[in-house]
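Student: I am new to this structure and would like to go through it step by step. Could we start once it is on the screen?

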Amino acid sequence: MVYEFEVTTRQNMEFVDITHKANEMVSKSGMENGVCFIFVPHTTAAVTINENADPDVVFDMLKELNKIVPIEDQYRHMEGNSAAHIKASLMGFSEQVIVHNGKLKLGTWQGIYFTEFDGPRRRKVYVKVLKG
Amino acid sequence: MVYEFEVTTRQNMEFVDITHKANEMVSKSGMENGVCFIFVPHTTAAVTINENADPDVVFDMLKELNKIVPIEDQYRHMEGNSAAHIKASLMGFSEQVIVHNGKLKLGTWQGIYFTEFDGPRRRKVYVKVLKG
Amino acid sequence: MVYEFEVTTRQNMEFVDITHKANEMVSKSGMENGVCFIFVPHTTAAVTINENADPDVVFDMLKELNKIVPIEDQYRHMEGNSAAHIKASLMGFSEQVIVHNGKLKLGTWQGIYFTEFDGPRRRKVYVKVLKG
């Protein structure tokens with residue numbers, strides 16, 4: 001089984017906490033132990049893990065990512081979203097989290113974030129759990 | 001079974017689309033459902049996912065990666081390829097893609113790219129499929 | 001089974017080679033073939049793969065990462081470690097390595113590094129092996 005859910009982003013760049021959705025898919029799968037794969041099937045959005053407590057962390061991450069990869073930088077790609085493509089590759093398109101006793105074994109401060117770099121849009125996330 | 005194939009790069013920095021090779025290995029494995037691991041066993045080349053339609057996206061990614069991590073930057077490492085080591089870690093050494101009905105479940109615009117940062121060279125890629 | 005071990009870092013920023021620890025966990029698991037997941041349950045430390053021969057590579061990587069994401073950059077997050085959060089997301093929180101004949105199938109020059117960005121501290125690493 002591959003599970004799928006939608007994320008509706010509301011900003012051009014935005015981190016959306018999807019930890020609860022990922023845990024929901026793990027519950028649906030009925031798997032008690034294994035590894036959960038969270039995969040983003042896009043090229044201008046990605047997924048990362050980071051702090052889920054102080055929203056300023058996400059604010060700083062987005063601001064700094066814009067300094068590292070400026071939105072305008074004489075890119076060739078006509079659609080004008082090259083910066084989003086690069087940021088997505090820097091974050092990566094999947095996260096792998098161990099499943100233990102039916103739950104994602106994340107650290108205390110870890111949340112899973114869908115990272116939108118070319119929104120707002122409706123996006124998809126795939127989730128798969130392998131038993132073991 | 002671990003599958004292996006070679007990539008011959010022709011430039012110092014180059015993204016080579018290996019999506020068809022990865023799908024070929026999935027077919028060989030005979031696995032209908034699971035997760036495919038694409039692993040690059042090098043330290044100055046890596047793997048990422050990105051747009052497979054407009055080649056300007058890859059052009060912009062390479063140019064911008066050179067701005068983020070300049071090829072010359074008073075590095076200590078005598079071999080002169082420190083920038084390649086750093087870029088490889090930024091892209092990452094593996095991709096994980098869900099296998100569904102015998103095929104990689106990629107997004108419409110997604111391709112898997114072998115990312116050469118210290119070519120031209122002959123390189124290897126490992127592929128493994130876990131069933132589930 | 002989920003395996004766990006501790007890493008004690010001694011610097012604010014430091015790469016600690018954990019390849020032997022990961023191989024030790026693979027041995028403990030008794031798995032001959034599959035995939036090993038190395039997961040860091042923190043938000044200011046991460047994991048990457050890179051060269052295990054010349055220590056200057058790690059020196060250059062740390063110096064360059066500080067240029068890409070400066071430690072001070074008018075961040076909002078009051079704890080003062082936003083740069084560490086960003087660097088951790090750039091490196092990523094997991095590595096996946098194929099297990100073949102009871103060993104991690106790494107490339108000749110590859111080592112697995114715990115990447116500390118907000119030390120010194122006592123940290124944890126989770127290891128899980130899926131058979132297949």
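Student: Which residue of chain A comes closest to the rotation axis?

Tutor: This is a predicted model, in which local features need pLDDT of at least 70 and side-chain atom pairs count only at pLDDT 80 or more, while totals for chains, interfaces and linings use all residues. Residues are numbered from 1 along each chain as its sequence is written, chains are lettered from A and ligands numbered from 1 in the order in which they are written, and side-chain values use heavy atoms, with hydrogens and water left out. Going by the C-alpha, at 3.4 Å from the rotation axis, the residue of chain A that comes closest is A:Leu90.

Student: By what turn can chain A be laid on chain B?

Tutor: Copies are superposed by least squares on the C-alpha atoms of residues with pLDDT of at least 70 in both. With an RMSD of 0.0 Å and a shift of 0.0 Å along the axis, chain A is laid on chain B by a turn of 120 degrees.

Student: What kind of axis relates chain B and chain C?

Tutor: A rotation of 120 degrees, with 0.0 Å of shift along its axis, superposes chain B on chain C with an RMSD of 0.0 Å. The two copies are thus related as by a three-fold rotation axis.

Student: How much of chain A is buried?

Tutor: Buried means under 20% relative accessible area, exposed over 50%, and partly exposed in between, with a 1.4 Å probe and protein chains only. Of the 132 residues in chain A, the buried share is 66%.

Student: What does the C-alpha trace of chain A span?

Tutor: The spans are taken along the principal axes of the chain. For the C-alpha trace of chain A they come to about 50 × 30 × 25 Å.
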